[in-house]
Amino acid sequence: PADDPNVIEIPEFYARINQLHKESPIFKQIWTQYKNTTSLGKDRTKGPQGKMTIGEFDKFKRFGLDEMANSTSNSQGKINQAKEIRKLKNELMQMVFSNPKGGAEYKQAVNTFSGDAALDDAFKLGQTILKDKDYTPGRIRSLVNGMADDERTYLKLGMAQGIMDRI
C-alpha cells in the first residue's frame, strides 16, 4: 500500500486535516456529513495504513467541500461561510498537488476539468457578477484566482451573456 501512487504521503496534510476537524465547525460538519453519506463509510474514508488516497480526497472535495460551498454561496448571508470553505479546499488541494506520487497528475486533471457543477456555477456567477455590488474588483480577482482554466472560460461566457441580457 505504501507504493500506491495515489496515497497522500504528506504529514502536513494529515496534521492540517486533524487541526481543521478540531478548530473549524464548518469543516467538521462537512467531514462528518460526507463520511455518513458516501459509500466509503466510516472505516474507508482513509486509504491504506490510515492514509487517504488522492481519489478519496477528490471525492471529499467534490461531494463534500464543493457541494457545501455551492449551497451556502447561493444562500443570502452565508457568503463568508462559502468563502471559508473554498479557502480550506484550495489550501488542501495545494498540499495534495505537491504529493510526490500522483500530485502533479491530479493538479493537471483538476485544471483540465473542474466538473459540470463547477462550470455551471461559474457561468451563473458570470451572468450576475456585474450586477451585484458585493463583488468588488478584489473579490472578483480572488474568485478568479481560485478557478481552474475551464471555470474561468465559463465565467467569461456568463459575463458576456449577462451583458447581452442587459442590452
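**From the surface to the aromatic cluster**

Begin by selecting Ile-167, which is placed in the segment after α8 (149-166), helices being DSSP runs of H or I with at least four residues, numbered from the N terminus. This is a predicted model, in which local features need pLDDT of at least 70 and side-chain atom pairs count only at pLDDT 80 or more, while totals for chains, interfaces and linings use all residues. Residues are numbered from 1 along each chain as its sequence is written, and side-chain values use heavy atoms, with hydrogens and water left out.

Ile-167 counts as exposed because its relative accessibility is 78% (exposed means over 50%, buried under 20%, partly exposed in between, with a 1.4 Å probe and protein chains only).

Next, select Phe-13 and Phe-57, which form an edge-to-face aromatic pair at 5.8 Å centre to centre with 80° between the planes (rings of Phe, Tyr and Trp, the last by its six-membered ring, pair if their centres lie within 6.5 Å; planes under 30 degrees apart are stacked, over 60 edge-to-face, the rest tilted). Phe-13 lies in helix α1 (residues 11-23) and Phe-57 in helix α3 (residues 54-73), so the pair ties together parts that are 44 residues apart in sequence.

Tyr-106 is buried, with a relative accessible area of 8%.

Finally, select Phe-13, Tyr-14, Phe-57, Phe-97 and Tyr-106 together, as these residues form one aromatic cluster.

Definitions and conventions: Helix = DSSP H or I, 4+ residues; strand = E, 2+ residues; numbered from the N terminus.
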